[in-house]
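Let's take a walk through this structure together, one element at a time. Have the sequence and the 3D view ready, and follow along as we go.

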Amino acid sequence: MATKILVTGGTGYIGSHTTVELQQAGYEVVIIDNLSNSSIDVLDGIESITGIRPAFVEGDVCDIETLRSLFRAHPGIKGIINFAASKAVGESVEKPLLYYRNNLNSLMNLLECMPEYGVRGIVFSSSCTVYGEPDKNPIDETAPIKPATSPYGNTKQISEEIIADFITSGAPIKSILLRYFNPVGAHPSALIGELPNGVPNNLVPYLTQTAAGIRKELTVFGNDYNTPDGSCIRDFIDVVDLAKAHVAAMHRMLDNDDTDAVEIFNLGTGRGVSVMELIEGFERSTGVKVPYKIGPRRAGDIEQIWAIPDKANNVLGWKAEVPVEETLRKAWAWQCHLAERK
């Protein structure tokens, strides 16, 4: 019998790609999502790719009774991958209470339910923002946790602490904390990708919408940082590569008895790419121009950060493999597919 996994936020960007990889790896997936930043149509894309339509519950993880009903209706869930969180740095600065309420309550509800329903482990969607503005780059998992530069980053720090404290208290569960760098791109089928409701907060969907003429121009937030071209530097990781890391983490957490109760892995490529380099790479790889302007710095943004992913490479047996130019072509193919659907 296939191992059953609950994916919270599973119709969202990373959640949908991870659901595909889980199903292709032989796991049975149950999704819960409140559709606040995604569409029910994503299930069609998942089914088209895998031949399997995952079980779906429309509901909010912040409502613990909804969660308990889910666990009763879908008994035997052994692992959770938690994507149920608000994730935009800039928005979190403007709406901090929304971020604290949504990101922390949802996690605590999941943790409370896990022992009740025999769930053995949780893979937590964390972020490199827990490192704050790092003292040096690239960084590995031993880098100090610095004061968060945004409420979003702070919710990730606090969430990691909540998980560790809960397990230290004697809770009979395990957790793997995956600190993402910057997920971008789309599935090579162009059947699922990043589809935020309203105006995108993330760089690449705004970039592709601008290239498609949906947005007038892209704003580069700051060109006076201490970087070679003045724009921020990030470690852009292909979303399918990222999704595969969750499968590796779930396998390690559930199928190995001798692992630590809490483990942490950085997920990145090990290469820093600036915002301007990303725009130029998109134009070069697709042949499509992107109108842009330089704007002021954005509150909460870190100047530069990229990963040393050696621990994930060696311990999880996972490695980011897709070149950024291919990732950008896939993002553009997804944007073109969206245009064709209308």
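**From a salt bridge to the sheet**

Lys95 has a relative accessible area of 43%, so this residue is partly exposed. Please keep in mind that the model is a predicted one. The side chain of Lys95 meets that of Glu91 in a salt bridge, at 3.9 Å from N to O. Glu91 also counts as partly exposed, because its relative accessibility is 22%.

This pair belongs to a count of 15 salt bridges. Another one joins Lys87 and Glu194, whose side chains meet at 4.0 Å, N to O. Here the pair links distant parts of the chain: Lys87 lies in the loop between β4 and α4 (89-94), while Glu194 lies in the loop between β7 (182-184) and α7 (203-211), 107 residues apart. Lys87 is partly exposed at 34% relative accessibility, whereas Glu194 is buried, with a relative accessible area of 9%.

Arg298 counts as partly exposed at 29% relative accessibility. Asp301, with a relative accessible area of 16%, is buried, because the cut-off for buried is under 20%. Elsewhere, salt bridges that share partners tie Glu65, Arg68, Glu112 and Glu116 into one network.

Now turn to the sheet. Seven strands form an open sheet with parallel pairing, in the order β3-β2-β1-β4-β5-β6-β11. Its edges are β3 (55-58) and β11 (262-267), each of which pairs on one side only. From one strand to the next, the twist averages 20 degrees. Helix α3 (residues 64-73) packs on this sheet, where the helix touches β1, β2 (28-33), β3 and β4; the direction of α3 makes about 160 degrees with that of β2.

The neighbours of β1 can be traced residue by residue. Strand β1 (residues 4-8) runs parallel to β4 (residues 77-82), and five bridges join the two. Within this pairing, Lys4 stands opposite Ile77, and Ile5 stands opposite Gly79. β1 also pairs with β2 in the parallel sense, over five bridges. There, the bridge partner of Ile5 is Val29. To get from β1 to β2, the chain crosses through helix α1 (residues 13-24), and this β-α-β crossover is right-handed.

Finally, follow the chain to helix α11 (residues 324-341). Which residues of α11 are buried? They are Val324, Thr327, Leu328, Lys330, Ala331, Trp332, Trp334, Gln335, His337 and Leu338. An α-helix has 3.6 residues a turn, so residues three or four places apart point the same way. With that in mind, look at what covers the buried residues of α11: the cover includes β7, α7, β10 (236-238), α8 (239-255) and α9 (275-286).

How values were computed:
Residues numbered from 1 in each chain as written. Predicted model: local features only at pLDDT ≥ 70, side-chain atom pairs only at ≥ 80, totals over all residues. Heavy atoms only, no water. Pairing = 2+ DSSP bridges. Helix = DSSP H or I, 4+ residues; strand = E, 2+ residues; numbered from the N terminus. Axes fitted to C-alpha atoms, helices over the stretch in contact; angles between N-to-C directions. Contact = heavy atoms within 4.5 Å. Buried < 20%, exposed > 50% of the residue type's maximum accessible area, 1.4 Å probe, protein only. Right-handed = clockwise from strand over helix to strand, strands pointing away.
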